[in-house]
Amino acid sequence: MSVINGEFGGPLSHIWDRERVLAPLLIAPAILYIVVLVGAPFFLAIYYSLSDATTGSPSLHFVGLRNFRAVLQDPVFRLSLKNTFIFTLVSQVLVLVLAKILALALLQDFRGKWLVRFLILLPWTAPIALGTIGWMWLLDSIFSPIDWMLRYMGLLGVPDAILGANSNLYWLGVPSLAMLSVILVHTWRLLPLATVILLAGLTAIPQEILDAAEVDGAGSWRRLFQIMIPMLLPIMTVAVLFGIVFTFTDITVVYLLTQGGPVHSTQVLASWAFFKGIEAGDLAQGAAVALFLFPAMAGVAALMLRFARRTEVT
Amino acid sequence: MARLKQIGKRSALYGVVTFFALFSAFPFFWMVIASFKRDHDLYTLKNNPFFFSEPPTLEHLHHLFFDTLFVKYLINTVVVGIAVVAITLLLAVPAAYSLARWAGRWGENLGIGIFLTYLVPPTLLFIPLSRVIGVLGLQESLWSLILIYPTFTIPFCTWLLMGFFKSIPLDIEEQALVDGYSRVGAMVRIVLPLSISGLLTVVVFSFTLSMHEFIYALAFVSSSALKTVSIGVPTELIGEFFEWGPLMAGALIPSIPAAILYTLFLDRFIAGFTMGAIK
């Protein structure tokens, strides 16, 4: 303490002197934690995918690309890969359109806004596993309240009804409806996140620019498409990138809603990796399946990095 | 005419927000009803599912709290949450401080690098980590979750705190150094008290994120007494008896406090998510 007031030419030079030691020292524990528990397991995943590891036996041998070959020939894997992309893309398009409408609405002031905000955020702020339980009942094969509404409106359950004479639609029992349900729940879940991100972007647009455009005679459509959307583009990119990450790698919705069924029609990479790697105990093939998540995530990370760099400059 | 247009605009606005509020809250609205609905009412197909055709009951709540492990799940969730918050603060605060005050390209890149690890999905890591947990002898223990959850809370919290620390003027700290504080002393006594709201955000975020987590808990913990709510309610309550009333109450009760906490701090999370793109 006593040397603080500087024998090295003033207190400031002393601070920078000590910082060279202190800075790495303060950051090291966090870096170490991440390297050991994220970095190392990542390489372990690659290693497993090239081995014959199982949950049962502690020993493992190098087998080359055998797992990848087996995985690629597996029709369930191909279906999972396709579904992962379909679920992600469709739900992100829906989320973006709906979030845009909702964010523009929330930009206005109205009574009870705090309650509306709380309700709209619920799918994101409440644990997703618990929110999905609500959907399990809403989509139940017998008691589905959605089916009840459709029956009430005469669209279902009577002869000549538009949706069929059966009393239920069997949301999670028919492949196309099960896929629709998974997409619906993903959209429902990510809408709040995209909305608040877009809202933050919208409030950041200076009112003067919009006013000036109005004075110059730009109608609300022109203001929307020629000023707001172009100015929002970077922030929309962020919303979409996060949405892609959360949908592409998610297992909760599929695991709880359909378990990948019926007959694998809603299987995704993450759930297939879980069923193979943990439930069937084939760590090697499970790891190989999960690794297919990586290229997409690396692409997203690269885009984010570019985005981060650009905002730093401006 | 202008007034009519105004009224039209207002009703369109109310229409839009009402629709979205109903859509978003629909499953939770349903949980509230199911939690208090008598079984007979619940399973009679002709009855309107959205209203009470028979008087409401507390039977399901009683069953949930006294006949299932629900309370144990709540306790486990809180225990894991508190431990994760502690580890996160202990590691993220110094790291963020160092990154915020460590000028230069290298520090910035390191900061972005740490943030990007937040994007490494648990679904890619749970297979090797399940083996690591096994080797460490932590399977069937809450310690497995306490050890692994900071891998996603530390990166994001470091990033969030970095922004907070950067907003505190360097002058205040330099003054403290002149007054005879050490660098660490200045951080603890000057910077941290000024960043209380940032630290609080980190506490809330780490807690709610560990409460939300699903895949690691699914892969590491299989004995029912050790589950957290996110995994205990959907796997055990269904497995045990498949009664919708208690299940819906079990899903609703933890959701509400989590949602309230998260909503209060949401704007700060978004500032972190958008990487300061909005100023």
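A residue is called buried here if 20 or more other C-beta atoms lie within 10 Å of its own, exposed if 12 or fewer do, and partly exposed in between, with C-beta atoms placed from the backbone. By that rule, buried residues make up 43% of the 314 residues in chain A. The model is a predicted one: local features need pLDDT of at least 70, side-chain atom pairs count only at pLDDT 80 or more, and totals for chains, interfaces and linings use all residues. Residues are numbered from 1 along each chain as its sequence is written, and chains are lettered from A and ligands numbered from 1 in the order in which they are written.

**Stop 1: chain A as a whole**

Switch to C-alpha atoms, which fill a box of roughly 95 × 75 × 35 Å along the principal axes. The radius of gyration of chain A is 26 Å, whereas a compact globule of 314 residues would have one near 20 Å. That radius is taken over C-alpha atoms, and the globule rule is 2.2 Å times the number of residues to the power 0.38.

Contacts come next; two residues are in contact if their C-beta atoms, placed from the backbone, lie within 7 Å. Among contacts in chain A between residues at least 6 apart in sequence, 66% join residues at least 24 apart.

**Stop 2: the loop between H10 and H11 of chain A**

Select A:Gln259, in the loop between helix H10 (252-257) and helix H11 (269-279) of chain A. A:Gln259 has a positive phi of about 55° although it is not a glycine. Most residues other than glycine have a negative phi. A:Gln259 counts as partly exposed because it has 14 C-beta neighbours inside 10 Å.

Now move to A:His264, found in the loop between H10 and H11 of chain A. A:His264 is not a glycine either, and its phi is positive, about 65°. With 19 other C-beta atoms within 10 Å, A:His264 is partly exposed.

**Stop 3**

On H11(A), the residues making the contact include A:Leu269, A:Trp272 and A:Lys276; on H12(A), they include A:Leu283, A:Gln285 and A:Val289. The residues of this contact divide into 8 nonpolar, 3 polar and 1 charged. Ala, Val, Leu, Ile, Met, Phe, Trp, Tyr, Cys and Pro count as nonpolar, Asp, Glu, Lys and Arg as charged, and the others, Gly among them, as polar.

**Stop 4: between the chains**

Show both chains. 80 residues of chain A are in contact with 80 residues of chain B. Helix H1 (residues 11-49) of chain A gives the largest share of the chain A side, 18 residues. By class, that side has 69 nonpolar, 10 polar and 1 charged residues.

Show side chains for A:Phe118, A:Leu121, A:Leu122 and A:Thr125 of H4(A) and B:Ala258, B:Ala259, B:Tyr262, B:Thr263 and B:Leu266 of H14(B), which make the contact. They divide into 7 nonpolar, 2 polar and no charged.

**Stop 5: chain B**

Select B:Val204, in helix H11 (residues 196-212) of chain B. B:Val204 is partly exposed, with 19 other C-beta atoms within 10 Å. Not counting residues up to four places away in sequence, B:Val204 touches B:Leu261 and B:Phe265.

Finally, colour chain B by domain: domain 1 (2-57) and domain 2 (61-273), with bounds from an automatic or database domain assignment. Their centres, taken over C-alpha atoms, are separated by 33 Å. 8 residues of domain 1 are in contact with 8 residues of domain 2. On the domain 1 side, H1(B) gives the largest share, 5 residues.

Technical notes. Helix = DSSP H or I, 4+ residues; strand = E, 2+ residues; numbered from the N terminus.
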